Amino acid sequence: MTARAIVPHTMKSTIPALHLTSLQMLAALARLDGEALPARTLSAWAHVGIVEPSVRFERKRGRYSPRLYNLGDLARLRVVVKLRRAGVSLGQVRSILVYLAAELRDVLKPKTRAALVFDGRRAYVTRPGEAAVDVPSGQLRLDLGKCVVGNLDAARAVLRESVA
């Protein structure tokens with residue numbers, strides 16, 4: 001019996017649907033950002049809900065049900081890695097991701113010009129043309145567009161390499 005992927009109806013977007021395995025996600029991350037993330041870290045983050053795979057299977061979880069991620073998950077992974085490398089705690093990363101998911105669904109889309117600013121306690125999203133948020137110097141500013149740029153090309157390259 002073959003497994004059929006179930007994609008939630010809330011995931012409709014203009015981004016082509018590409019599904020990456022955990023190893024392909026890590027290869028795409030390495031290709032895009034030069035970050036070598038252990039597979040166990042990605043697995044742990046999936047287990048605690050930091051970077052969960054968006055593609056679900058009808059059958060039970062298990063060793064032979066691979067985790068499949070989409071391009072939005074790759075963008076989310078890139079945000080998490082950049083925040084963690086900047087010294088943001090995992091609890092704060094989780095809060096930031098909840099804020100981004102609940103309030104700002106459009107910030108991790110192609111051609112976004114939004115930036116995430118983190119002052120150590122709170123996260124803010126700024127966009128060109130909006131009132132600037134006064135954040136003390138020395139705080140983290142992450143251009144969210146840089147977490148999206150190149151994802152499609154890297155995913156396609158990783159998929160081509162895994163087939164060859």
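Predicted model: local features only at pLDDT ≥ 70, side-chain atom pairs only at ≥ 80, totals over all residues.
The secondary structure consists of five helices and five strands. Along the sequence these elements follow the pattern β-α-α-β-α-α-β-β-β-α. The protein has 164 residues, and 37% of them are buried. Among contacts with a separation of 6 or more, 65% are between residues 24 or more positions apart.

Three of the strands form an open sheet, in the order β4-β3-β5, with antiparallel pairing. The edges are taken by β4 (123–126) and β5 (140–143); each has a single partner strand, so one side of each is left without a neighbour in the sheet. On average, neighbouring strands of this sheet are turned by 20° against each other, direction ignored. Strand β3, which covers residues 115–118, is joined to β4 by four bridges, and the two run antiparallel. Within this part of the sheet, Phe118 stands opposite Ala123 of β4.

The largest nonpolar core contains 40 residues, of which Leu77 and Leu116 touch the most other members. Two or more residues of this core come from each of α1 (22–33), α2 (39–48), α3 (71–85), α4 (90–103), β3, β4 and α5 (151–163). The element that gives the most is α3, with eight residues. When residues up to four places away in sequence are not counted, Leu77 touches Met25, Leu29, Leu37, Leu42, Trp45 and Val51.

Two of these partners of Leu77, Met25 and Leu29, are also among the buried residues of α1, together with Gln24, Leu26 and Ala28. An α-helix has 3.6 residues a turn, so residues three or four places apart point the same way. The buried residues of α1 pack against α2, α3 and α5. Helix α1 has 12 residues and reaches 16 Å from its first C-alpha to its last, which is close to the 16 Å expected at 1.5 Å a residue. After α1 comes Gly34, which has a positive phi, near 70°.

Two loop residues were also examined. Pro38 lies in the loop between α1 and α2. With a relative accessible area of 45%, Pro38 is partly exposed, because this category covers values between the limits of 20% for buried and 50% for exposed. Pro38 and Leu23 are 15 residues apart in sequence, and their C-alpha atoms are 9.5 Å apart in space.

Glu52 is placed in the loop between α2 and β2 (56–57). The relative accessibility of Glu52 is 38%, so this residue also counts as partly exposed. Glu52 and Leu42 are 10 residues apart along the chain, and a distance of 9.0 Å separates their C-alpha atoms. Apart from its neighbours within four places in sequence, Glu52 is in contact with Ala46, Tyr69 and Asp73.

Notes: Residues numbered from 1 in each chain as written. Heavy atoms only, no water. Buried < 20%, exposed > 50% of the residue type's maximum accessible area, 1.4 Å probe, protein only. Contact = heavy atoms within 4.5 Å. Pairing = 2+ DSSP bridges. Axes fitted to C-alpha atoms, helices over the stretch in contact; angles between N-to-C directions. Core = buried A, V, L, I, M, F, W, Y, C linked by side-chain atoms within 4.5 Å. Expected span 1.5 Å × (residues − 1).
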